[in-house]
Amino acid sequence: MTAYLITSVSVVGAAPTDLLIRDGVVAEVGPGLSAPDATVIDGTGLVALPGLVDLHTHLREPGREDAETVESGSRAAALGGYTAVCAMANTSPVADTAGVVEQVWRLGREAGLVDVQPIGAVTVGLAGERLAELGAMADSAARVRIFSDDGHCVADPKLMRRALEYVKAFDGIVAQHAEEPRLTEGAQMHEGEVSTRLGLIGWPAVAEEAIIARDVLLAEHVGSRLHVCHVSTAGSVEVLRHAKARGVRVTAEVTPHHLLLTDERAETYDPVFKVNPPLRTAADVAALRTALADGVLDVIATDHAPHAVEDKECEWAYARPGMLGLETALSIALDVLGPQWDLIAERMSRAPARIAGLTGHGVDPAPGVPANLTLIDPAARRTIEPAELASRSRNTPYARMTLPGRIVATFLRGEPTVLDGKAIK
Ligand SMILES: NC(=O)N[C@@H](CC(=O)O)C(=O)O
């Protein structure tokens, strides 16, 4: 196994030092290291972070391998600085049995570019009618701990309660896609001034907030762990703030796109901006940013949602919701937060690893820890060209935008998955 000596690198924003990677772990950290057998990487101007961890990735395999595979999504993740991703269950077939989660887990191991941790469905077929085999998925080789019907809300309060109770047996967590379906029938975008002007049916903020309010009360009642997917409104932040102050065991994520883009993008009628939950208002964006800084929002999660051309390049009403995220998330975080490296490490690596229970991930580079890390050039700027992305899909909302930051290298257990900004395999 090749050893790597990264010289003059800033570890999570600290003063430059050297970092030696050997036998899968960070062997030494300190100035003036020498290791004659090691491959040297000049880290001048670069920042080392613990490898990013995504709590919310759609890999589309099995079922829609034309849009993404475990391998292509893993490559996109590695290029984005990730060393672990949690793969959502809305595949075809749905990941609602031990067999399917083990298949995804095995495909992740075979690709070997990031650790792929499958998420299991809460209900059979995401249909919201009866609980899936949560225990069998937890006991499987994939060791599922996060359960989610993402793409669909677990709308039935009794089922949601049962799921929250059930996962306590193995310290699991239910990740809710908070959307009261009766309030979003036919919805095409955020309900507000822009939807009124465009004549598109709106997805009101209250459809999200009402479910979060209900679910934090349920989580409190049964003493279980709730995670809220892709929080998008100022009102949701207030509900979460209140719940956290009461000591409810709730965590929450926000996507890069909800931190940057607003519903005014719908004026283009370009379905690349159609997403679930929808892009909201500038006031929502501001509230999400504040909540991310103060910890009401624990995590930046990509909700990487690749879609084939025919599902995206069509009329707005017929287009599938969802955007790519893995290859641009760090740049958006840097744009939104600036070089607050400790905060970025917390929201994009440590906290998601903790929530998902992924040992060996989300740990700052220090002697003895697994060498899961990424090297970032914060001074670089790059223009996003959809055709150059590793994802099989092209639905990035940042096409031709120039964004700060570039991933120079990513290491998974001491082996590079990305070097010089290029995927190794
Ligand atoms: N976030 C999205 O806009 N899309 C998700 C599922 C979903 O949440 O609708 C997808 O799987 O494409």
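**Close-up views of a predicted model**

**View 1. The residues around the ligand.** Around the ligand stand His58, Asn90, Asp150, Gly151, His177, Val275, Asn276, Asp303, Ala305, Arg320, Pro321 and Gly322, as placed in a model that is predicted. Sorted by class, this shell holds three nonpolar, six polar and three charged residues.

View 2. An unreviewed UniProt entry carries the annotation "binding site" for Asp150, His177 and His230. These residues are spread over 81 residues of sequence, yet they cluster in space, with a largest C-alpha distance of 9.9 Å. From an unreviewed UniProt entry also comes the annotation "domain: Dihydroorotase catalytic", which covers residues 47–234. In the model this span is 35% helix and 18% strand, and its end C-alpha atoms lie 32 Å apart.

**View 3. The surroundings of His177.** His177 sits in the loop that runs between β10 (173–176) and β11 (189–190). It counts as buried because 25 C-beta neighbours fall inside 10 Å, where 20 or more are needed.

**View 4. The surroundings of His230.** His230 belongs to the loop between β13 (226–228) and α7 (234–245), and this residue is classed as buried because 24 other C-beta atoms lie within 10 Å. Its contacts, not counting residues up to four places away in sequence, are Glu253, Val254, Thr255, His258, Pro277 and Asp303. Asp303 is also one of the residues around the ligand.

View 5. Glu61 and Pro62 are joined by a cis peptide bond with an omega of about 5 degrees, and Pro62 lies in the loop between β6 (52–57) and α1 (70–79). The peptide bond from Ser92 to Pro93 is likewise cis, with omega near 5 degrees, and Pro93 is placed in the loop between β7 (82–87) and α2 (98–111).

**View 6. Two aspartates with positive phi.** Although Asp171 is not a glycine, its phi is positive, at about 50 degrees; this residue is found in the loop between α4 (157–167) and β10. Asp171 is exposed, since 11 other C-beta atoms lie within 10 Å and the limit for this class is 12 or fewer. Asp420, again not a glycine, has a positive phi of about 55 degrees and is located in the loop between β18 (415–419) and β19 (422–423). With 9 other C-beta atoms within 10 Å, Asp420 is exposed.

**View 7. The largest nonpolar core.** This core has 135 residues, of which Ala48, Ile119, Phe147, Leu240 and Leu288 touch the most other members. Helix α12 (residues 341–356) supplies its largest share, eight residues. Because domain 1 (4–47 + 368–423) and domain 2 (51–356) both give residues to this core, it lies between them. Around Ala48, and not counting residues up to four places away in sequence, the contacts are Ile6, Val9, Ser10, Val11, Leu19, Pro365, Leu373 and Leu375.

Terms used:
Residues numbered from 1 in each chain as written. Predicted model: local features only at pLDDT ≥ 70, side-chain atom pairs only at ≥ 80, totals over all residues. UniProt positions renumbered as here; feature names shortened; annotations may be inferred. Helix = DSSP H or I, 4+ residues; strand = E, 2+ residues; numbered from the N terminus. Near = placed C-beta within 6 Å. Nonpolar A, V, L, I, M, F, W, Y, C, P; charged D, E, K, R; others polar. Contact = placed C-beta atoms within 7 Å. Core = buried A, V, L, I, M, F, W, Y, C linked by C-beta atoms within 7 Å. Domains from an automatic or database assignment.
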